[in-house]
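Hello,

Here is the structure for your files, with notes on its salt bridges and on one residue in a strand. Please read the notes alongside the coordinates.

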Amino acid sequence: ALKPLPIPPPADAPKDPEEARYQRLANALIKVHEKECKDRMSNPDFGGCSYKIEYLCVPTAKQKNGAWYIVASWQMLEKKPGGDKYYQTFQSGDETNPQWIPVSAVKTLAARAGIKWE
């Protein structure tokens, strides 16, 4: 059985309603990743491998130059059937240089995955 995905530590509740709205979108990105892992595990094209996401920078809503972004870094890990270790299949950003993803891109990912965030 897979270990549960790491749950991001609870952030301080945003005081600004707009920030709270975009933080819900950031949380939706986590659900998108969870769904992607489950979809891969149930897809025979992926050979019965196990998948999990590790966050190097937990998805967080941040504003820059008047625009909102979801700032995050993660890696997807894969374990082959019978294997004892997970191996990185790809990484997006890192601890010191996370990705600044436009909210429109995250909204699209959430919509495609059927994840409600508003």
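A salt bridge here is a side-chain nitrogen of Lys or Arg within 4 Å of a carboxyl oxygen of Asp or Glu. The model is predicted, so local features need pLDDT of at least 70 and side-chain atom pairs count only at pLDDT 80 or more, while totals for chains, interfaces and linings use all residues. Residues are numbered from 1 along each chain as its sequence is written, and side-chain values use heavy atoms, with hydrogens and water left out.

By this rule there are 5 salt bridges. One of them joins Arg21 to Glu118, with the closest N and O atoms 2.5 Å apart. Arg21 is in helix α1 (residues 17–42) and Glu118 in the segment after α2 (103–113), so the pair ties together parts 97 residues apart in sequence. Helices (H or I, at least four residues) and strands (E, at least two) are DSSP runs, numbered from the N terminus. Arg21 is partly exposed at 25% relative accessible area, whereas Glu118 is exposed at 63%; buried means under 20%, exposed over 50% and partly exposed in between (1.4 Å probe, protein chains only).

Asp39 and Lys35 also form a salt bridge, at 2.9 Å between the closest N and O atoms. They are 4 residues apart in helix α1, about one helical turn.

Gln75 lies in strand β2 (residues 67–79) and counts as buried at 12% relative accessibility. Beyond its neighbours within four places in sequence, Gln75 has contacts (heavy atoms within 4.5 Å) with residues including Lys52, Glu54 and Phe90.

Regards
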